[in-house]
Amino acid sequence: MSHLHIPDGIIPLPWIVLGLAATAVLVAFSVLALRRQDPVKVVPRIGVLAALMLAAMSLPIPVLNYHVNLTVLAGIIAGPAQGFIGCLIANVILALTGHGGITVVGINTVVTGIEVLVGWAVWTGLRRVVRRPFALAAATTVIALALSTTAMLGVVAGTQINPGLVRHAHEKPAVVNLEEQLIGEHIGEDHGPEDNHPDDHPDEDAHGPLSLGTFAAVVYSAGMVGWAIEAAIIGAVAQFLARARPDLIGAL
């Protein structure tokens with residue numbers, strides 16, 4: 001949910017260039033960091049992690065319409081370099097299937113890469129202090145997703161796009177109903193419905209532009225539920241791996 005589900009032509013060109021440039025630099029550092037590792041092991045691992053992230057991001061949770069990313073899990077298992085390249089692959093394939101624009105791949109890779117980096121850093125830094133895999137992985141997930149969501153909101157604020165364009169492109173969910181309810185209440189206070197016909201502003205929501213404050217309130221409110229779900233999933237996986245394959249996540 002933390003990345004931008006918006007089509008091409010919305011984000012200003014300087015932000016597109018900045019996102020692609022940042023992604024290129026981070027991929028270059030990742031490749032340098034992996035140059036001494038065995039490609040026979042590294043390449044399949046990146047492919048598997050990218051496939052897991054791709055599958056997770058393609059499956060919205062009914063009603064909430066939130067999808068998990070599993071990017072934090074990628075950071076825990078594979079570290080920032082492999083995880084970031086996996087994020088790039090997943091975002092490119094998602095963009096090719098209409099899940100976000102091609103020109104937004106750079107920004108989305110950076111935002112989801114934050115989840116990989118924070119996931120790896122928090123897990124690695126605390127795993128010898130907090131010796132409960134489920135609790136540590138869950139807390140790590142919440143921290144990483146909160147930071148990446150804040151970064152996404154920072155992009156929306158910086159680009160000054162209509163936040164309503166960022167909302168998810170899957171079937172109409174409860175979170176959108178909540179958003180529309182909030183917007184409707186706001187509109188009802190100041191404007192009549194006749195002043196907001198969608199034909200007058202084809203590039204905007206039927207209720208007009210969504211304020212950043214309202215959008216942030218909706219995103220954080222729905223996000224907390226989604227973060228809890230994703231934290232439970234990643235915590236359970238970490239707990240299982242700690243028992244079955246502790247070598248994959250670093251022995252606690």
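The model is predicted, and its protein chain has eight helices and zero strands, which follow one another along the sequence in the pattern α-α-α-α-α-α-α-α. Of the 252 residues in the protein chain, 45% are buried.

**Chain as a whole**

- The protein chain exposes about 12,100 Å² of surface, and carbon and sulfur atoms supply 68% of that area.

**Helices α5 and α7**

- Helix α5, which covers residues 133-159, and helix α7, which covers residues 212-244, have axes that come within 7 Å and cross at roughly 150°.
- Because angles over 145 degrees count as roughly antiparallel, α5 and α7 are described as roughly antiparallel to each other.
- The crossing in which α5 passes α7 is right-handed, and the residues of this contact divide into 23 nonpolar, five polar and one charged.

**Helices α2 and α3**

- Helix α2, residues 39-57, packs against helix α3, residues 71-96, at an angle of about 65°, and the two axes lie 7 Å apart.
- The range that counts as roughly perpendicular is 65 to 115 degrees, and α2 and α3 are therefore roughly perpendicular to each other.
- α2 passes α3 in a right-handed crossing, to which α2 contributes Val42, Arg45, Ile46, Leu49, Ala50, Met53, Leu54 and Met57, while the residues from α3 include Thr71, Ala74, Ala78, Gln82, Gly83, Ile85 and Gly86.
- Further residues of α3 in this contact are Cys87, Ile89, Ala90, Ile93 and Leu94, and by class the contact of α2 with α3 has 15 nonpolar, four polar and one charged residues.

**Helices α1 and α4**

- Helix α1, which spans residues 13-34, packs with helix α4, which spans residues 105-126, at an angle of about 55°, with the axes 7 Å apart.
- That angle makes α1 oblique to α4, and the crossing of these two helices is left-handed.
- On the α1 side the contact is made by Trp15, Gly19, Leu20, Ala22 and Thr23, and on the α4 side by Gly106, Ile107, Thr109 and Val110.
- Sorted by class, the contact of α1 with α4 has five nonpolar, four polar and no charged residues.

**Two residues of helix α1**

- Ser30 has its place in helix α1, and because its relative accessibility is 6%, Ser30 counts as buried, the cut-off for that class being under 20%.
- Leaving aside neighbours within four places in sequence, Ser30 is in contact with Ala81, Phe84 and Ile85; of these, Ile85 is also one of the α3 residues in the contact with α2.
- Leu32 also has its place in helix α1, but at a relative accessibility of 47% Leu32 counts as partly exposed, a class that lies between the cut-offs of 20% and 50%.
- Leu32 and Ala81 are 49 residues apart in sequence, and their C-alpha atoms are 8.9 Å apart in space, while Ala81 is also among the residues in contact with Ser30.

Technical notes. Residues are numbered from 1 along each chain as its sequence is written. This is a predicted model: local features need pLDDT of at least 70, side-chain atom pairs count only at pLDDT 80 or more; totals for chains, interfaces and linings use all residues. Side-chain values use heavy atoms; hydrogens and water are left out. Axes are lines fitted to C-alpha atoms, for helices over the stretch in contact, and angles run from 0 to 180 degrees between N-to-C directions. Helices (H or I, at least four residues) and strands (E, at least two) are DSSP runs, numbered from the N terminus. Angles under 35 degrees count as roughly parallel, over 145 as roughly antiparallel, 65 to 115 as roughly perpendicular and the rest as oblique. A crossing is left-handed if the near helix is turned anticlockwise from the far one by less than a right angle, and right-handed if clockwise. Ala, Val, Leu, Ile, Met, Phe, Trp, Tyr, Cys and Pro count as nonpolar, Asp, Glu, Lys and Arg as charged, and the others, Gly among them, as polar. Buried means under 20% relative accessible area, exposed over 50%, partly exposed in between (1.4 Å probe, protein chains only). Accessible areas come from the Shrake-Rupley method with a 1.4 Å probe; for residues, only the protein chains shown count as cover. Contact means heavy atoms within 4.5 Å.
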